[in-house]
Every structure is written in structure tokens, then in C-alpha cells.
Amino acid sequence: MYSIAYGGELLQLPVRSEGECNIPLAIERWTGLLPSEYYCTQNGRRVSAADHGNLVPEVPLRVCERLPGGKGGFGSMLRAIGAQIEKTTNREACRDLSGRRLRDINEEKRLKAYLEKQQEAEDNERVKAERKIAKLLSKPKHEFHDKEYEHARSELVVAADEAIEEGLQKAIVLEMEQAVKDAVTAEVAATANTAADTQAKDSRKRKLPDTKSKKAPAKKGALWLGVGDLSSSSETDDDSTDESSDGAMAKGKLVAV
């Protein structure tokens, strides 16, 4: 008995004789496929369904449909496109024998070269600056000789020094005169103040004896009690014009008492 497998289904075909067992006809009736539309495999090998001598009844016969093929020439198209594609030369993702990435190694080399260039640039800048300073400090090559100009220049310096000294002397003289004026003004003010003070003291001294002379008869009148000439003393008190003479007479009477 032959077993025919197709699309997950299994067909059992009894084996009677080679003339009666027509496997292609049975497949056509079962699946509706023509012999040109499929092929058969057994044990992974391609076999012919009409060749009964090569078929093993115990092994299933698989029916596989044929697929329509293309025009062809796809390989030649790939070869033509491959020739147009540029081959890459970037190997930075690769590693060396020590396991380091070539990208890291190349970056380290570029960094070292950059640092060396920076150091050289700094050295060049320093050298240029030193040369510029030396050029500025060096004496000019152009020489100028003019006796009249040098004489006038020396006289100008001397005249400027003399003018400065004269100005300083004038300033000192003005300061001294101002100081003398200030001293004289202060002395005059002090003299005026002392004169005013002395005048005020003299006026005070002159007024003090008058007050005492006015008060003296009043005090000494108390000593005249019991004296016979009381009427004369009262008259002297009433008379304002002869006050000074009466006071002198009263002093004489006091002395007599």
C-alpha cells in the first residue's frame, strides 16, 4: 500500500499490480493537479510517481507543488550592482592584537598631534612677543644731528627750570606777605581788645567811688544822734546840689566827735 501525503492529508492507495496502480492518475483525481504542476519526494529524495520500481510502499510519498519561475538574470544584476557599490575602508571598529579598538588608538594619536601643535604655537607666540619687545627697546637706526635744534632744546629745558624756580619763589613771597598781614591783623585786633578791656575797667572804677560817696552819709548819719547841729545835717540831706560839700563837713564833725 502506498501512502501519499499532500497538504497535511494522507491518501492510502492499495498495491495490486503495476498496471492497475496508476499513482499520477490517483493524484490528479485526488488533488486536481497535473503531472507538470507537481513533483514527488520520498525520504527527502525526488522520485518519479510513474516509476514504481524506485518507490518503497512503507515510506509515504509527498506531493509538492511547483512554483512558477522568473525570467532569470538576477545573479548578473547583483554582480553589476556590487561593482557599483563602493567598498568601505573604515576599519576603526576593528580591534588590534591587544584588544583595543582602532578608533581609540587613532583618536589618541590625533590628540597627541594636536597637543604638540598647540605647544609649538605657544612657543612661536612667545618668541614673536620677545622679538617685538626687543625691537621696541632697541635704539632706532635712524640718526638725527642738528646743532641748532639741540641748542634750542637745551635752552628750552633751562628756561623751563628757571621759570619753575621763579614761580616757586613768588609763591613763597606771597605766602610770607600773607602771613605778615595775618599777624598784623591779629595784633591790631588784640590791641583793640585790650584797650576796650582797660577802658571798661576804668569806667567801672570811676563809678564805684560815687556809689560809696552816696551811701556814706546815710551810714554816718546814724552817728549824728544827740549832736546839737541836727538841723544842718537834715538840710544837707535835702539839698542835692551841695551834697559833696556837706559830706565833707559831716566827715569833719565825725572826726571832732
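Predicted model: local features only at pLDDT ≥ 70, side-chain atom pairs only at ≥ 80, totals over all residues.
Residues are numbered from 1 along each chain as its sequence is written, and side-chain values use heavy atoms, with hydrogens and water left out. Local features need pLDDT of at least 70 and side-chain atom pairs count only at pLDDT 80 or more, while totals for chains, interfaces and linings use all residues.

**Exercise 1.** Determine how many aromatic pairs there are and describe the geometry.

*Solution.* Rings of Phe, Tyr and Trp (its six-membered ring) pair if their centres lie within 6.5 Å, where planes under 30 degrees apart count as stacked, over 60 as edge-to-face and the rest as tilted. By this rule the count comes to one aromatic pair. Tyr6 and Trp30 form this pair, which is edge-to-face at 6.2 Å centre to centre with 70° between the planes. Because Tyr6 lies in strand S1 (residues 2-6) and Trp30 in helix H1 (residues 23-31), the pair ties together parts that are 24 residues apart in sequence; helices (H or I, at least four residues) and strands (E, at least two) are DSSP runs, numbered from the N terminus.

**Exercise 2.** Decide whether Thr41 is buried or exposed, and list its contacts.

*Solution.* Buried means under 20% relative accessible area, exposed over 50%, and partly exposed in between (1.4 Å probe, protein chains only). Thr41 has a relative accessible area of 15%, so Thr41 is buried. Thr41 is placed in strand S3 (residues 38-42). Taking contact as heavy atoms within 4.5 Å, and not counting residues up to four places away in sequence, Thr41 touches Arg46, Val47, Pro60, Leu61, Arg62 and Cys64.
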